[in-house]
Amino acid sequence: MKTFPQSRADDLIGSTAIVTGASRGFGRAIATALSAAGAHVIGVARSLAPLEELRDELGDTFTPVAADAAAPSTASGLLDEYQPRTLVLCAGAAPQMSPLQDHTWESFSQNWNVDVAQAFHWIRYALRRPLAPGSSVIAVSSGAAVKGSPLSGGYAGAKATVRFISSYAAMESQRAGLGIDFVSVLPQLTPATDLGAKAVAAYAERQGVDVDTFVTSSGPALSTEQVGKSVLEIAGGARGEHLAYVLTASGLVGLA
Ligand SMILES: NC(=O)c1ccc[n+]([C@@H]2O[C@H](COP(=O)([O-])OP(=O)(O)OC[C@H]3O[C@@H](n4cnc5c(N)ncnc54)[C@H](OP(=O)(O)O)[C@@H]3O)[C@@H](O)[C@H]2O)c1
């Protein structure tokens, strides 16, 4: 159970947020939404140039940081330096899209070494430091965590583990009375990002249809703006008491 009053949108004004994976796709939209809500956003990705482009767009309340979000020193260093009120863990590796037998252990485990390592290091340090009461930590998992994803090796299992880590942290926060909110978000597959477009192309090919036919048959596609808006709703406390949400083009649906 979350420990906050329902609407804390005003808390975001002048607050600090860290968003990993902020240079493109969902993370860029989340950083933009948090910035529009009045937060100073620290955006993390490995390549500096796209982050600097985003700073040109959002202004001085966006600070680019080029770093590996899966490294423990990135997590502890940035949490100590910025002590964010909002932390969004959105960075993720684009999985190799191929059937199980064409994976190596290296390709199969890629999302464990990036997405799961990131969730573990940041969330563990958020609990141990700890972040201030009233802080909110939002981990981006995937709809694949529930449905599976047979063409992306260890991706679905890694994303299920991200959700577990977030829910374990929520329990520890509650037990210790830390007042830190931990929530995971499970977006549906969408062609709106580089990672999603690659996956959609692979599943369309597997079904023997073109990408447009595959996308149309899957219903309305989730946009990056909808992801930004939904994460903002959670960060602002405008949602219910759930520890995890599936996110589709129709919005957020609480899971547990
Ligand atoms: N798109 C979908 O359909 C979909 C569906 C469900 C869940 N998701 C999840 O949503 C999240 C965002 O995905 P997306 O579709 O927006 O992907 P994307 O367009 O490929 O963007 C990925 C972002 O993560 C950054 N990144 C990757 N590895 C990193 C690392 N080790 N350290 C720091 N930054 C790193 C990338 O920048 P650099 O490359 O410069 O580091 C980029 O900013 C991922 O966790 C993904 O699994 C996506």
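The model has 6 salt bridges, a salt bridge being a side-chain nitrogen of Lys or Arg within 4 Å of a carboxyl oxygen of Asp or Glu. As background, side chains of opposite charge can pair when their charged atoms come close. This is a predicted model, so local features need pLDDT of at least 70 and side-chain atom pairs count only at pLDDT 80 or more, while totals for chains, interfaces and linings use all residues. Residues are numbered from 1 along each chain as its sequence is written, and side-chain values use heavy atoms, with hydrogens and water left out.

**Salt bridges**

- Lys-159 pairs up with Asp-115, with the closest N and O atoms 2.8 Å apart.
- That pair ties together distant parts of the chain, with Lys-159 sitting in helix α7 and Asp-115 in helix α5, 44 residues apart; helices here are DSSP runs (H or I, at least four residues) and strands are too (E, at least two), numbered from the N terminus.
- Lys-159 counts as buried at 4% relative accessibility, and Asp-115 is buried as well at 2% (buried is under 20% relative accessible area, exposed over 50%, partly exposed in between, with a 1.4 Å probe and protein chains only).
- Asp-194 makes a salt bridge with Arg-24, and here the closest N and O atoms are 3.4 Å apart.
- This one also links distant parts of the chain: Asp-194 belongs to helix α8 and Arg-24 to the loop between β1 (16-20) and α1, 170 residues apart.
- Asp-194 is exposed, at 53% relative accessible area, and so is Arg-24, at 52%.
- Glu-233 and Lys-229 meet through their side chains at 3.6 Å, N to O.
- Both of these residues lie in helix α10 (residues 224-235), 4 residues apart, or about one turn of the helix.
- Lys-229 is exposed at 54% relative accessibility.

**Around the ligand**

- There are 30 residues around the ligand, and Ser-23, Phe-26, Arg-46, Tyr-155 and Thr-193 come nearest (near means a heavy atom within 4 Å).
- By type, the shell splits into 13 nonpolar, 11 polar and 6 charged residues (Ala, Val, Leu, Ile, Met, Phe, Trp, Tyr, Cys and Pro are nonpolar, Asp, Glu, Lys and Arg charged, and the others, Gly among them, polar).
- Helix α8 gives the most to this shell, with 3 residues.
- A backbone N or O atom of Phe-26 lies 2.8 Å from a ligand oxygen atom.
- For Gly-21, a backbone N or O atom is 3.2 Å from an oxygen atom of the ligand.
- Taken alone the ligand exposes 880 Å², and the protein buries 97% of that (Shrake-Rupley method, 1.4 Å probe).

Methods: Polar contact = N/O pair within 3.5 Å; in protein donor to acceptor, adjacent residues only side chain to side chain.
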